[in-house]
Amino acid sequence: MSPSAPRHAIHQLYSARLARATRPYRARGAGVDRCSACMLVRHFCMCDYRAARQTHAAFMLLMYDDEVLKPSNTGRLIADCVADTYAFIWSRTHPDPDMLALLSRSAFQPYVVFPAQYTTPTRMTSPARLHDNAKRPLFIIIDGTWREAKKIFRKSPWLDHFPVLSIEPQALSRYRVRDAHGENQLATAEVAAEVLAVNQERKAAEYLNQWFDVFRERYLAGKRQQHLADDNALTRLLDDQTLAKNVDT
């Protein structure tokens with residue numbers, strides 16, 4: 001990782017999870033030389049281009065035990081792009097005290113991002129109601145396989161009193177890095193981009209979507225041992241950033 005790219009919550013959680021591991025985690029492609037920060041094959045590392053932005057929304061990732069160790073995880077992309085991103089390993093019986101303290105901060109209004117069919121109508125909130133609250137929204141995104149995510153949602157009583165925001169995807173997932181439960185199931189970073197959009201932070205949403213495309217393209221290229229075309233997701237992102245700067249000035 002480039003010295004100019006500071007560590008964020010996911011990097012810190014990754015280090016902590018490795019430190020308490022009793023045996024090596026053997027993900028697919030475990031023998032590949034990867035960047036320890038972006039988890040891409042070393043020569044496709046994208047860390048030098050990472051730049052977190054200040055947003056009104058904050059995010060809290062509640063991750064299943066080994067999710068933070070997976071190179072295919074996209075939760076780290078949220079922390080890459082959104083400055084106020086927090087991350088914790090989920091425990092049913094021993095919730096992290098720092099996580100509970102974050103959820104009780106008076107500056108935040110937490111919302112659990114989860115499909116509507118898994119909760120009651122009285123607990124649901126709508127995008128329009130997000131702006132009725134003067135507090136900053138803290139969007140809680142459960143990060144794991146679909147089976148793991150449902151388990152976390154059902155067995156986390158400290159989340160039960162927070163409203164639930166359900167996202168209706170505007171398009172099919174672009175992920176293709178690992179199998180999804182269904183075509184309408186988005187990757188974690190795609191969910192966060194949808195959340196930013198409904199929170200009326202469309203520039204941040206677009207940036208996260210573009211960063212997700214950079215990761216997806218480079219992950220698949222490394223996996224398939226392919227070369228990137230000259231016109232690739234990163235060059236398009238950098239061109240858009242340059243254009244935006246010129247417009248602003």
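What does the accessible surface of the protein come to, and what percentage of it belongs to carbon and sulfur atoms? The accessible surface is about 13300 Å², and carbon and sulfur atoms hold 49% of that area. Areas of this kind come from the Shrake-Rupley method with a 1.4 Å probe, and for residues only the protein chains shown count as cover.

This is a predicted model, in which local features need pLDDT of at least 70 and side-chain atom pairs count only at pLDDT 80 or more, while totals for chains, interfaces and linings use all residues. Residues are numbered from 1 along each chain as its sequence is written, and side-chain values use heavy atoms, with hydrogens and water left out.

The protein has seven helices and six strands. Both kinds of element are DSSP runs numbered from the N terminus: helices are H or I runs of at least four residues, and strands are E runs of at least two. Along the sequence they follow the pattern α-β-α-β-α-β-β-β-α-β-α-α-α. Of the 249 residues, 49% count as buried; buried means under 20% relative accessible area, exposed over 50%, and partly exposed in between, with a 1.4 Å probe and protein chains only. Among contacts (heavy atoms within 4.5 Å) with a separation of 6 or more, 78% join residues 24 or more positions apart.

Two strands pair if DSSP finds at least two bridges between them. S3 pairs with strand S5 (residues 136-143) in the parallel sense over six bridges. Within that pairing, Tyr-111 stands opposite Phe-139, and Val-112 has Ile-140 as its bridge partner. S3 also pairs with strand S6 (residues 164-165), again in the parallel sense, over two bridges. There Val-112 stands opposite Val-164.

After H5 comes Gln-200, whose phi is positive, near 65°.

Helix H6 (residues 202-224) has 23 residues and reaches 33 Å from its first C-alpha to its last, close to the 33 Å expected at 1.5 Å a residue. That expected span is 1.5 Å times one less than the number of residues in the helix. H6 is followed by Gln-225, whose phi is positive, near 55°.

The cysteines remain. A disulfide is a pair of cysteine sulfur atoms within 2.5 Å, and by this rule the count comes to zero. Cys-38 is in no disulfide; the nearest cysteine sulfur, that of Cys-35, is 3.8 Å away. Cys-38 counts as buried because its relative accessibility is 5%. Cys-81 is buried too, with a relative accessible area of 2%.
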